[in-house]
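Colleague: I have a model open and want to learn how to read its features. Can you take me through them?

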There are 2 protein chains.
Amino acid sequence: MTATTIDGRAVAAKVRAEVARDVAALPAPPGLATVLVGDDPASAVYVRSKRRQCVEAGMLDLHRHLPGDIEQSAAAAVVDRLADDPRVTAILLQLPLPPQLDAAALIDRIPPEKDVDGLTESSAGRLALGRPGLRPCTPTGVLALLDEHGVALAGAHAVVVGRSDLVGKPMAQLLLGRDATVTVCHSRTRDLAATCRQADVLVVAAGVPHLVTANAVRPGATVIDVGIHRTNAGLCGDVDAGSVRAVAGALTPVPGGVGPMTIAMLLRNTVAAARAH
Amino acid sequence: MTATTIDGRAVAAKVRAEVARDVAALPAPPGLATVLVGDDPASAVYVRSKRRQCVEAGMLDLHRHLPGDIEQSAAAAVVDRLADDPRVTAILLQLPLPPQLDAAALIDRIPPEKDVDGLTESSAGRLALGRPGLRPCTPTGVLALLDEHGVALAGAHAVVVGRSDLVGKPMAQLLLGRDATVTVCHSRTRDLAATCRQADVLVVAAGVPHLVTANAVRPGATVIDVGIHRTNAGLCGDVDAGSVRAVAGALTPVPGGVGPMTIAMLLRNTVAAARAH
């Protein structure tokens, strides 16, 4: 068997088109305030992509670039002004922040209604309690890929590898909310391959290149690779695609799988925030 | 093999004694405001036990009994006054509430610092993000039983049956925070027995009498029964103790297992809330 490729670029393009239609139907354009602190090159690239796609979808780009040596109180004041600004319907604080800043404290100044990254304490609580709210973009992007490819989740066994606040933990809660039986594995899991082999749906977000190989995949399983790593041989994921492709039923490529979905879901969250505004 | 009995009454008594010592060492006694709405007999029994144990531990009993037909705004005003009252270091809204009241909205008026049931959106968010905060009492009671009996959690496979906001979901997060590999099962799980048989630690909080029988238990596993049901043959749990006792390594009885721990952990939360006050 050779796994079907789950084309994240195609699904993301579809989501972006839907978002652009939704934006056009709104009485006023949503306004996304990306906040970049300092000059980390990778963060600058991400923020540029987010701003570009935001404009392409017809939304307002209300970007703020803050100096890398800004103090906590000054950064907090910027977030507070954005929170109060009615043109700003969505706030995204690009992570990581410079070490002198308390990221959690700054994130929690974002009103949950504008928290399009779904990272505040309120958003995490709403997800945990199954209440309506804005969800983190990468795990909702994974769900969108699974839905687009008709992967049944109710009653399926989903195994999530990784337990970060950004991906693993919210992913597990979202899959549980879709009636999957959910297992969360991590660096302390004793027999990772045996546990992963139970998965009908395997989501790997461990941050370890090629962690999951063919012996950890049940024949026919759907495998979602959230990892992305730059190596001498090019980009690779947390999944050893070379061997897994021969066993899995479907697999996301790296690049072009989950990555494009994250910004697409950010745009969708920005529309949702504007609607609730 | 016959399973060791995990004696919740004994562990709860130990916790209560620790709490009483902690209370005596505080500059002022913690004040627990239990709020009972209406005259549901089971709720009245629970609240009476909580108040009695609160007084026995040296804390202030600041109980409020509200009429069963109270309106949302009046109930909200009571919670707000308790939130503002410096003598009240802890607020517990006894559930369920009469149908005219929006329980979630009332719970979320409790400041997270006084939320000794750990049920607000903030408390759920703090747990989900692994931040310090007050945790729901039944799952922390289960952890205390496991710790008291020296059950290793790091690297163990823990299976939680049930996904309620009160027990199953926070239980899974707490076990994950203790480095267990965690699986959550529920009514949509396909082969419950096979999934449960993987557990080194099996926590059953499904609300279904005798749901888990011996064929769902790995020999030597630790089994925690959160259920309690009144039947013609007396009280029973979600676990079929008669058959499971012969397979499990350790088992909580019903009654006298998890039940007594819930109020003990409420008292411990009340001390923690007073310390943070």
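Modeller: We will go from the whole assembly down to single residues; keep in mind that this is a predicted model.

Colleague: Through which surface do the copies meet?

Modeller: Compare the interface residues of each copy. Here 100% of those in chain A are also interface residues in chain B, so the copies meet through the same surface.

Colleague: Within one chain, what are the domains?

Modeller: Chain A is divided into domain 1 (28–112) and domain 2 (136–258). Taken over C-alpha atoms, the centres of these two domains of chain A are 29 Å apart.

Colleague: Which residues of H1(B) are buried?

Modeller: First the general idea. An α-helix has 3.6 residues a turn, so residues three or four places apart point the same way. In H1(B), the buried residues are B:Gly8, B:Val11, B:Ala12, B:Val15, B:Val19 and B:Val23. They cover an arc of only 115° around the axis, which puts them on the same side of H1(B). On the other side, B:Arg21 and B:Ala24 are exposed.

Colleague: What covers the buried residues of H1(B)?

Modeller: The cover includes helix H6 (137–148) and helix H10 (258–276) of chain B. Check the N-terminal end of H1(B) too: B:Asp7 caps it, with a side-chain oxygen 3.0 Å from the backbone nitrogen of B:Arg9.

Colleague: Next, backbone geometry. What should I look for?

Modeller: Look for exceptions. Most residues other than glycine have a negative phi, and most peptide bonds are trans.

Colleague: Where is the peptide bond cis?

Modeller: One cis bond joins A:Val254 and A:Pro255, with omega about 0°. A:Pro255 sits in the loop between S12 and H10 of chain A. In chain B, the bond from B:Leu95 to B:Pro96 is cis, with omega near 0°. B:Pro96 belongs to the loop between strand S5 (90–93) and helix H4 (103–107) of chain B.

Colleague: Which residues have a positive phi?

Modeller: Among them is A:Asp179, at about 70°. Its place is the loop between helix H7 (168–177) and strand S7 (181–185) of chain A. Another is A:His210, at about 55°. A:His210 lies in the loop between strand S8 (201–204) and strand S9 (222–225) of chain A. A:His210 is partly exposed, with a relative accessible area of 39%.

Colleague: Last, single residues. Is A:Thr252 buried or exposed?

Modeller: Read its relative accessibility against the 20% cut-off for buried. A:Thr252 has 3%, so it counts as buried. A:Thr252 is in the loop between strand S12 (250–251) and helix H10 (258–276) of chain A. Its side chain reaches the backbone nitrogen of A:Asp225 at 2.8 Å. Beyond four places in sequence, A:Thr252 touches residues including A:Ile6, A:Leu145 and A:Val223.

Colleague: And where is B:Pro170?

Modeller: B:Pro170 is in helix H7 (residues 168–177) of chain B. At 4% relative accessibility, B:Pro170 counts as buried. Leaving aside neighbours within four places in sequence, B:Pro170 is in contact with B:Leu127, B:Pro136, B:Pro139, B:Ser164 and B:Asp165.

Key
Residues are numbered from 1 along each chain as its sequence is written. Chains are lettered from A and ligands numbered from 1 in the order in which they are written. This is a predicted model: local features need pLDDT of at least 70, side-chain atom pairs count only at pLDDT 80 or more; totals for chains, interfaces and linings use all residues. Side-chain values use heavy atoms; hydrogens and water are left out. Helices (H or I, at least four residues) and strands (E, at least two) are DSSP runs, numbered from the N terminus. Buried means under 20% relative accessible area, exposed over 50%, partly exposed in between (1.4 Å probe, protein chains only). A polar contact is a pair of N or O atoms within 3.5 Å; within protein, one must be able to donate a hydrogen and the other to accept it, and residues adjacent in sequence count only if both atoms are side-chain atoms. Contact means heavy atoms within 4.5 Å. Domain bounds come from an automatic or database domain assignment. The arc is that of the directions from the helix axis to the C-beta atoms.
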